[in-house]
Amino acid sequence: MTDDAILQGCLRNDTTAQRELYNRYSPKMLSVCYRFAHHREDAEDMLQEGFIKVFSQIHTFQNKGAFEGWIRRIIVHTCINHLKKNKKFNESVDIIHATSIQVREESVPSIVQAKQVVECIRLLPIGYRTVLNLYAIEGYSHKEIADMLDIEESTSRSQYTRAKQMLEDILVKKKIIMRPKEKHNWLGVAAGR
Amino acid sequence: MERGFYKEDIEELLKEKSDQYKMYPSDKVWKGIHRSLHPNRKWYWLSLLLFLGAVGYYTFIEFITPSTSSKAISKNNPASTISKSTETTTESSDNKPAVIVPFGNPKQTASTSNGSVAKQRTFVLNPDNNDEGNTGVVINMNQPPMEPATTNNIDIPGNPILAFNQAAPVYDLDSRPVKELWQPDHMEGGAAAPEFSNQIFQVPAATSLTNPVAIDGSKLGENTHNAQEDNKRAGWLANNAVYELPVPKQKRLGWQLTFTPTMNYRTWRGSNYPSDVKTLPLAPIIEGDPEKLVNHKPAMGFEVGSNILYTLNKTFTLKTGLLFNFTRYDIQAYSSSNSEPATIALNSNWGIATGELTTYTRYRNFGGDAAENLHNQYFQLSVPLGMEVNLLGKDKIHVGIGGTVQPTYLLNRNSYLLTADYKYATEPSLVRKWNVNTSVEAFISYKTGDLKWKVGPQLRYQLFSSYIQKYPIRENLYNYGIQIGVTKTIR
């Protein structure tokens with residue numbers, strides 16, 4: 001089934017097409033949710049809410065961009081709205097300095113696993129993690145992030161800088177990456193390519 | 001997107017590995033999505049079927065089977081062990097047919113001076129049931145006495161059951177069996193007024209009516225004395241008071257209260273959608289039918305009403321009153337953090353754009369910071385003018401239809417309008433204050449004493465658009481629901 005056929009089916013509220021769309025995109029979208037969520041259960045709640053929005057808003061998709069990108073934007077917005085309902089998130093996202101995280105050193109993996117990277121991201125405090133997810137992975141600008149999270153643009157920038165530094169420490173401690181001696185080869189995996 | 005400020009290789013690693021990572025959701029996620037997209041309506045239909053089945057069954061029972069109320073009364077009365085032959089005289093007053101009783105001295109009323117027969121004066125027992133189809137008994141006092149009923153070999157003089165009727169002779173000229181009639185043993189003072197007494201003697205259950213019953217002589221004497229006293233009073237009534245009683249008029253006025261939970265939505269149409277208006281420099285042109293580009297949903301509302309009913313005849317009843325109607329539907333929109341300008345296209349009576357109106361709003365139809373569920377709510381006061389028509393039914397249960405035209409005043413004007421640039425904004429100046437609604441209904445009614453209950457489906461439709469003609473979209477509200485009503489006869 002092509003994306004266009006799925007789209008047409010979903011516009012007719014056809015269950016088969018909806019299921020096809022869900023099967024195609026839900027694994028990737030759940031991993032998006034998982035990076036924002038506290039637990040897997042939260043991630044599944046976000047995914048469910050997001051897909052309901054996708055299906056109910058599908059008539060507004062205008063074929064001007066990638067279908068996956070459109071779905072992803074809805075899912076990300078759903079995750080942010082979900083987090084905003086949590087008072088703790090609203091407080092943490094404005095905190096400039098987060099306390100350091102105790103990370104246990106592990107053996108060097110032969111292959112850098114995607115799951116390990118994602119789990120390392122999830123070790124970050126929620127405010128840092130959200131900004132890092134939005135900027136580094138989802139590709140939003142700091143201005144867009146500031147609008148989405150109701151924070152200053154400068155806060156978004158500083159949050160991201162600290163988040164990246166903290167993540168780098170975690171990845172080094174987990175021996176997923178090696179701290180670069182020189183800038184061009186600090187990434188262990190890159191050196192192995 | 002703004003990139004590169006902190007762009008380093010670690011970002012590439014994060015993006016690459018995050019995109020590679022996939023997780024498979026549990027089945028309950030899809031079930032939740034599916035349930036939300038395709039709500040299971042079978043319970044609604046089952047409930048409706050059950051309700052209609054119960055109403056149908058009850059209607060069938062009431063229409064097809066004869067009334068069993070007299071039997072029920074007999075069964076429920078522990079003091080009553082009277083045989084079938086007397087059950088017909090112990091009906092409750094609610095179910096008794098009207099009885100027309102003539103008055104006056106038959107000799108005086110038989111003829112007048114010019115030889116013509118004068119109209120016999122009458123009074124009516126059970127006047128509530130006095131209509132053409134329900135007058136069961138006509139009593140004629142001029143007929144010669146008949147022999148008392150001897151059905152079942154009842155020994156009349158010794159039978160206490162018949163001792164309660166010691167008044168004038170009463171004959172049934174209708175098709176009732178003769179056994180209901182009797183001849184008193186004696187009459188005193190020429191009082192000719194018949195009397196229907198509900199006095200019942202208690203007879204031991206094992207006693208057969210075919211055998212004489214031993215009766216306490218003192219009680220019988222007391223009862224005989226009471227009966228004579230009653231005869232005196234009835235004679236006085238017949239000679240003095242009852243002559244002047246008019247036949248009661250039919251009660252025509254009723255007061256009705258109704259409540260209707262409703263499901264509400266709207267129709268959208270118009271030859272000049274926002275996208276057709278080409279003279280809007282501020283608004284981007286978005287092609288397509290707005291109906292297909294917005295996400296609106298029906299919502300629950302209600303209607304309460306108080307009406308005055310005037311019964312013209314058995315079939316037609318006029319109706320007017322006051323209705324309060326709460327109608328609404330939902331709009332799925334997106335909110336932005338700041339208010340932004342929104343442009344409403346205006347057209348002339350000829351469908352040509354004549355202008356625009358700029359307002360500010362936080363709500364968009366496409367995209368935004370957060371999803372918002374807006375409610376377009378309408379609070380309306382209406383004066384229904386209409387009629388109810390009874391189509392079929394008898395006695396207590398009727399089936400009918402009704403319809404009203406309702407001049408309507410809108411109490412609030414803060415509903416959301418779709419702007420030409422597909423945002424939602426309020427603009428009270430474009431909302432119509434006065435409108436006209438129309439309503440049709442079908443109902444089944446059930447009468448208990450002075451109260452008449454009714455239930456049935458109702459459909460209400462707004463004849464004119466919610467907005468003035470300058471607004472390019474025409475919106476007509478409609479709602480449907482099950483109306484529950486009760487009517488009290490007042491005069």
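I began with a salt bridge: the side chains of Arg40(A) and Glu44(A) meet at 3.3 Å, N to O. For a salt bridge I need a side-chain nitrogen of Lys or Arg within 4 Å of a carboxyl oxygen of Asp or Glu. This is a predicted model, where local features need pLDDT of at least 70, side-chain atom pairs count only at pLDDT 80 or more, and totals for chains, interfaces and linings use all residues. Residues are numbered from 1 along each chain as its sequence is written, chains are lettered from A and ligands numbered from 1 in the order in which they are written, and side-chain values use heavy atoms, with hydrogens and water left out.

**Entry 1: the Arg40(A) pair**

I looked up where the two partners sit: both are in helix α3 (residues 40-56) of chain A, four residues apart, about one turn of the helix. Helices here are DSSP runs of H or I with at least four residues, strands are runs of E with at least two, and both are numbered from the N terminus. An α-helix has 3.6 residues a turn, so residues three or four places apart point the same way.

Then I checked cover. Arg40(A) is partly exposed because its relative accessible area is 32%, while Glu44(A) counts as buried at 6%. The cut-offs are under 20% relative accessible area for buried, over 50% for exposed, and partly exposed in between (1.4 Å probe, protein chains only).

Next I looked at Arg364(B) and Glu340(B), whose closest N and O atoms are 2.7 Å apart in a salt bridge. Here β7 (residues 353-364) of chain B supplies Arg364(B) and β6 supplies Glu340(B), 24 residues apart. Arg364(B) is partly exposed at 25%, but Glu340(B) is buried at 16%.

I also wrote down a network of salt bridges linking Arg35(A), Arg72(A), Glu138(A), Lys15(B) and Asp19(B).

**Entry 2: helix α7(A)**

Is α7(A) mostly covered or mostly open? It is mostly covered, as twelve of its twelve residues are buried. Its end C-alpha atoms are 15 Å apart, which agrees with the 16 Å that twelve residues should span at 1.5 Å a residue. The expected span is 1.5 Å times one less than the number of residues.

I picked Asn133(A), which lies in this helix, residues 126-137. Asn133(A) counts as buried because its relative accessibility is 0%. Leaving aside neighbours within four places in sequence, Asn133(A) is in contact (heavy atoms within 4.5 Å) with Arg35(A), Phe36(A), Ile121(A) and Glu138(A). Just after α7(A), Gly139(A) takes a positive phi of about 85°.

**Entry 3: confidence**

Chain B averages a pLDDT of 71, and 56% of the residues score at least 70. pLDDT is the predictor's confidence in each residue, from 0 to 100. Over residues 67-94 of chain B the pLDDT is below 50, and this stretch has 26 contacts in the model beyond near neighbours in sequence. Where pLDDT is low, the predicted coordinates should not be read in detail.
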